[in-house]
Amino acid sequence: MPSKVSRVQAAFRPTLVLALLLLITACGGGEKPDAGTDATMATSNNPVVAGTASQEKDRVNALWALGAEMNAAEVEQAQVQDGSAAQPLKVAPLPIATKALAPVTVYRFFNRNTLAHFYTSSTTERDSVQASLPFMTYEGPAFQASSQSDSNLSPVFRFLNNQTGVHFYTISTTERDHILSTVPQLTYEGVAYYASKVAGDGFRPLYRFFVGSSGFHFYTVSGSEAGNVIAGLPNYNYEGIAYYVLGTAEAGAPEAPGNHTNTVPVPAAGNAIDTSQPDRVVGTGTPASCTGQAVVNAVALGGKIRFNCGASPVTINMTSTAKVFNNRPDVTLDGQGLITLNGGGKVRILYQNTCDEALVWTTSHCQDQETPRLTVQNMRFVNGNSTGQLTDGGGGGAIFVRGGQFKIVNSVFTNNRCELAGEDIGGGAVRVLAMYQNRPVYVVQSTFGGGPGLGNTASSGGALSSIGVSYSIFNSLLSHNSAVGNNADALRAGTPGGGSGGAIANDGNDYTLSIYGSMVSDNTAIEGGSGVFYVSNNRTGHMTLSDSVFVRNPASRYGTAGLPGFFVLAAPGQPVVTRTTISY
């Protein structure tokens with residue numbers, strides 16, 4: 001990655017070089033597109049609400065957040081499926097003249113004074129900047145767009161921020177109009193270039209971020225750069241794919257936790273916990289002060305736990321398992337996007353068990369008690385391994401939970417594992433048993449696996465496993481996880497069993513599995529249900545699949561007809577499938 005920050009500021013005709021160089025000197029630069037483009041639009045004269053600088057920043061940031069939602073909604077709407085297999089429909093023809101596609105290279109500079117990036121498609125302007133501004137580091141060609149419209153391309157609109165001198169780009173007409181009516185410090189400059197609202201052959205995603213502290217946007221077409229920014233710059237709020245430019249998408253391009261296409265609202269019970277006033281803080285401001293033992297100690301004491309390990313991401317190596325004590329009613333671990341807990345391939349990372357007397361037995365009905373309420377949010381759990389930890393059946397390479405309540409928010413689980421063979425053992429990442437009053441485990445905006453070489457592995461349930469527990473999964477990504485056991489329920493002599501549910505393996509009687517706004521892809525299982533294995537033994541269980549995509553979960557030894565990648569035994573009429581794509 002050539003630098004930590006990038007922004008796309010592209011157009012197709014330069015302004016006067018002197019004026020441009022003055023602008024670059026102050027702010028990071030940009031050139032004005034054709035003044036005649038889309039000339040019917042006018043800028044807003046709405047007044048700015050009076051208040052403190054902090055209040056004004058908050059107000060403007062809220063407007064930008066709303067605009068981001070508009071852009072995401074418009075791009076997602078364009079990804080309408082044809083209702084059968086899997087290819088998105090093309091964008092409806094735009095009300096513009098159809099011309100031959102005209103690729104144009106966009107060049108990138110880095111302003112060492114402001115940390116902003118400047119992009120231009122003008123070779124004349126590129127050469128002038130190189131010759132005249134020594135603080136602008138030339139980083140070469142960035143990507144290609146189209147300088148002319150096409151029936152399947154949409155105009156990308158460009159604005160100049162008169163207060164900061166930087167540029168903003170959006171493909172959304174709704175966001176464009178929102179900016180015109182609410183953000184008067186932005187001047188509309190016309191159409192910069194043309195791009196696509198939908199993915200397809202010959203196109204690659206442009207990732208979009210917002211830096212609220214500085215009030216500017218950041219764009220990059222590099223999946224690896226986007227991933228590094230997500231991991232290393234928590235003040236950069238990832239806003240999803242802005243649109244698609246010309247080129248070939250990188251395989252496995254990383255993103256922020258969870259699924260970002262066709263997301264759905266999350267119920268209040270699934271929201272993150274407010275930890276702004278923590279009960280405990282791990283660390284004293286340096287990475288060295290954030291030790292595995294400090295995490296163990298904090299979890300044992302309970303309450304809202306945050307970390308003070310410095311401004312950069314930190315990996316904390318766990319040499320022993322952090323255990324929740326049952327007389328601590330609420331335990332929340334909040335990594336604020338900076339903290340990775342690493343089991344080193346040897347240690348289960350987190351353990352809660354209301355029936356474990358060593359953790360204080362607080363009731364006579366440990367199978368059904370309201371507390372502890374455990375939440376993990378804004379965290380990464382990597383290389384957990386619970387092999388050999390067989391209390392209550394074992395499993396849960398990163399996290400094991402029995403009893404109380406549990407939810408996962410905005411977190412990532414990679415390369416965790418438990419036993420690789422055995423009947424009724426699983427949960428490479430997470431294993432859950434016996435929740436209070438059968439309340440669901442919420443899994444929200446989280447990733448399990450996420451790319452080749454990142455998946456979680458277990459005998460069954462590569463990512464998630466449970467017995468008699470309901471899951472409510474929202475806006476999450478489960479990919480490249482594996483169930484590697486064999487012979488399912490060990491009916492064949494000499495085989496240990498397992499191998500079901502590449503991503504999810506659920507078993508029990510009356511319980512539910514609900515998946516909303518999520519992507520389940522590229523998971524594998526030796527036996528059944530490469531994506532999802534769901535068995536309700538008394539056939540009372542219910543399953544809901546809504547606004548989700550299940551794809552490339554290959555056929556295994558057995559499955560359910562009409563549901564590629566699934567094995568389902570449930571109540572009549574299950575699963576209930578709405579606005580969901582299921583295919584191999």
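Student: Two strands pair if DSSP finds at least two bridges between them, so with that settled, over how many bridges do β12 and β14 pair?

Tutor: Strand β12 (residues 314-317) and β14 pair in the parallel sense over four bridges, where strands (E, at least two residues) and helices (H or I, at least four residues) are DSSP runs, numbered from the N terminus. This is a predicted model, in which local features need pLDDT of at least 70 and side-chain atom pairs count only at pLDDT 80 or more, while totals for chains, interfaces and linings use all residues. Residues are numbered from 1 along each chain as its sequence is written, and side-chain values use heavy atoms, with hydrogens and water left out.

Student: Ok, which residue is the bridge partner of N317 in β14?

Tutor: The partner of N317 there is N342.

Student: What else pairs with β14?

Tutor: Strand β11 (residues 303-307) runs parallel to β14 and is joined to β14 by three bridges, with K304 standing opposite T332. Strand β16 (residues 373-382) is also parallel to β14, through nine bridges, and the bridge partner of T332 in β16 is T375.

Student: Is β14 mostly covered or mostly open?

Tutor: Strand β14 is mostly covered, since ten of its 13 residues are buried, a word that stands for under 20% relative accessible area, whereas exposed means over 50% and partly exposed lies in between (1.4 Å probe, protein chains only).

Student: What is F406 in contact with?

Tutor: If contact is taken as heavy atoms within 4.5 Å, and neighbours within four places in sequence are left aside, the contacts of F406 include L374, V376, I399, V430 and Y442.

Student: Switching topic: why does G240 count as buried?

Tutor: G240 counts as buried because its relative accessibility is 5%. G240 belongs to strand β9 (residues 236-246), and, not counting residues up to four places away in sequence, G240 touches L206, Y207 and R208. G240 and Y207 are 33 residues apart in sequence, yet their C-alpha atoms are 5.9 Å apart in space.

Student: Now the surface: which residues make the nonpolar patch of about 200 Å²?

Tutor: That patch is made by L420, V484 and I526. Patches are made of residues with over 30% relative accessible area and no salt bridge, joining like charges within 9 Å and nonpolar side chains (Val, Leu, Ile, Met, Phe, Trp, Tyr) within 5 Å. A salt bridge is a side-chain nitrogen of Lys or Arg within 4 Å of a carboxyl oxygen of Asp or Glu, and accessible areas come from the Shrake-Rupley method with a 1.4 Å probe, where for residues only the protein chains shown count as cover.

Student: Where is V484, and how exposed?

Tutor: V484 is in the loop between β27 (482-483) and β28 (504-508), and V484 is partly exposed, with a relative accessible area of 34%.

Student: What sheet is β27 in?

Tutor: Strand β27 is in an open sheet of three strands, ordered β23-β27-β31 with parallel pairing. The edge strands, each pairing on one side only, are β23 (457-458) and β31 (524-525).

Technical notes:
Two strands pair if DSSP finds at least two bridges between them.
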